[in-house]
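User: I would like to learn how to read the features of a structure, starting with its sheets. Please take me through them one at a time.

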Amino acid sequence: GATDVTMTYSVVDIAGINAVSSRILANAAAAMAGMATAEAPPIEGGKPLVGATMFGVTTPCVTAARERLEELGYEVLVFHATGTGGQSMEALMRGGFVTASLDVTTTELADDLVGGVLSAGPDRLEAAGELGIPQVVSLGALDMVNFGPLDSVPAEFGDRLLYKHNPTVTLMRTTLEECAELGRRIGLKLSRATGPVTLFVPLRGVSLIAVEGQPFHDPEADRALFDGLREALDPGVDVRELDTDINDPAFAHAMADTLHAHYGAWAAKGVRA
């Protein structure tokens, strides 16, 4: 799951102690003892920790935003949006470690809706809002649902637009109806937030392969996503629609600067975790 569990393979079945299992069990015990007695390296500076979500198709955006936030004095923890990545980030929020959210890549919600392999569960995108910590959110990779190799895609999706990302990853374009529902779900989640939140909408594409000329370019599906958001969002939620794609440096810098402003106002109120 979302915890740092360490596994030691037994090699042989645990059916009594023998020459092999005794060595492996002794190594496991030594590893536990070592971890229990070791001192963690000191963390210098005490910089605020920002959690950011990234996918290959949103890497330029997150990289530019991370660099800007680091210039502004933050430490940015990047989580790959593969299900456990989103869960891990939100677990660290609930644990009081991550105190600001740069949730660029909300693609795990598409997998949860449609049945892909990278779902983080139906509660994804709720922790920051419940805790009241600053968050800046976007729509990264909501153009896709993730599956394994091409022959692992369920038969019910045989007539859908599929893109072979590599031999082990197949992407499926979200439909107009799915995008509309994703917009509504995100809108409802953000409307319930108890802290500062801004939603950034990239009008020219939510991933590297959703821009004009790329295989998942679908203006009608994107429009359904945006309309679903507008339908469900509370009027009080700050929404910034930019006439760029998500990986434009100007889009990334605007997200980072907005999170910085939110965090400054939030910390000034004396609620820093």
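This is a predicted model: local features need pLDDT of at least 70, side-chain atom pairs count only at pLDDT 80 or more; totals for chains, interfaces and linings use all residues.

User: How is a strand defined, and when do two of them pair?

Analyst: Strands of a sheet pair through backbone hydrogen bonds, in a parallel or an antiparallel way. Helices (H or I, at least four residues) and strands (E, at least two) are DSSP runs, numbered from the N terminus. Two strands count as paired if DSSP finds at least two bridges between them. Here, strand 1 (residues 49-54) and strand 3 (residues 100-103) run parallel and are joined by three bridges.

User: What is the strand order in the open sheet of six strands, and which strands stand at the edges?

Analyst: The order is 2-1-3-4-8-9, with parallel pairing. The edges are strand 2 (75-80) and strand 9 (238-242); each has a single partner strand, so one side of each is left without a neighbour in the sheet. Neighbouring strands of this sheet are turned by 15° against each other on average, direction ignored. For such angles, axes are lines fitted to C-alpha atoms (for helices over the stretch in contact), and angles run from 0 to 180 degrees between N-to-C directions.

User: What is the order in the open sheet of three strands, and how is it paired?

Analyst: That sheet has the order 5-7-6 and antiparallel pairing. Strand 5 (144-147) and strand 6 (162-166) are its edge strands, each pairing on one side only. The twist from one strand to the next averages 30°. Strand 5 is joined to strand 7 (residues 169-173) by four bridges, and the two run antiparallel. Within strand 7, Arg-173 stands opposite Met-144.

User: Next, salt bridges. How many are there, and by what rule?

Analyst: Side chains of opposite charge can pair when their charged atoms come close. The rule asks for a side-chain nitrogen of Lys or Arg within 4 Å of a carboxyl oxygen of Asp or Glu. By this rule there are 19 salt bridges. One of them joins Asp-257 to Arg-68 at 2.8 Å, N to O. This pair links distant parts of the chain, with Asp-257 in helix 8 (residues 249-268) and Arg-68 in helix 2, 189 residues apart.

User: Which salt bridge does Glu-71 form?

Analyst: Glu-71 pairs with Arg-68, and their closest N and O atoms are 4.0 Å apart. Both residues lie in helix 2, three residues apart, about one turn of the helix. Arg-230 and Asp-227 are likewise three residues apart, about one turn, in helix 7 (residues 219-232). Their salt bridge has its closest N and O atoms 2.9 Å apart. There is also a network of salt bridges that links Asp-112, Glu-181, Arg-184, Arg-185 and Glu-231.

User: Why does Glu-90 count as buried?

Analyst: Glu-90 counts as buried because its relative accessibility is 8%. This residue is in helix 3 (residues 84-94). Contact means heavy atoms within 4.5 Å. Leaving aside neighbours within four places in sequence, Glu-90 contacts Asp-123, Arg-124, Leu-125, Glu-126 and Ala-127.

User: Where in space is Glu-67 relative to His-253?

Analyst: Their C-alpha atoms are 9.1 Å apart, although the two residues are 186 residues apart in sequence. Glu-67 is found in helix 2 (residues 59-71) and is partly exposed, with a relative accessible area of 40%.

Technical notes: Residues are numbered from 1 along each chain as its sequence is written. Side-chain values use heavy atoms; hydrogens and water are left out. Buried means under 20% relative accessible area, exposed over 50%, partly exposed in between (1.4 Å probe, protein chains only).
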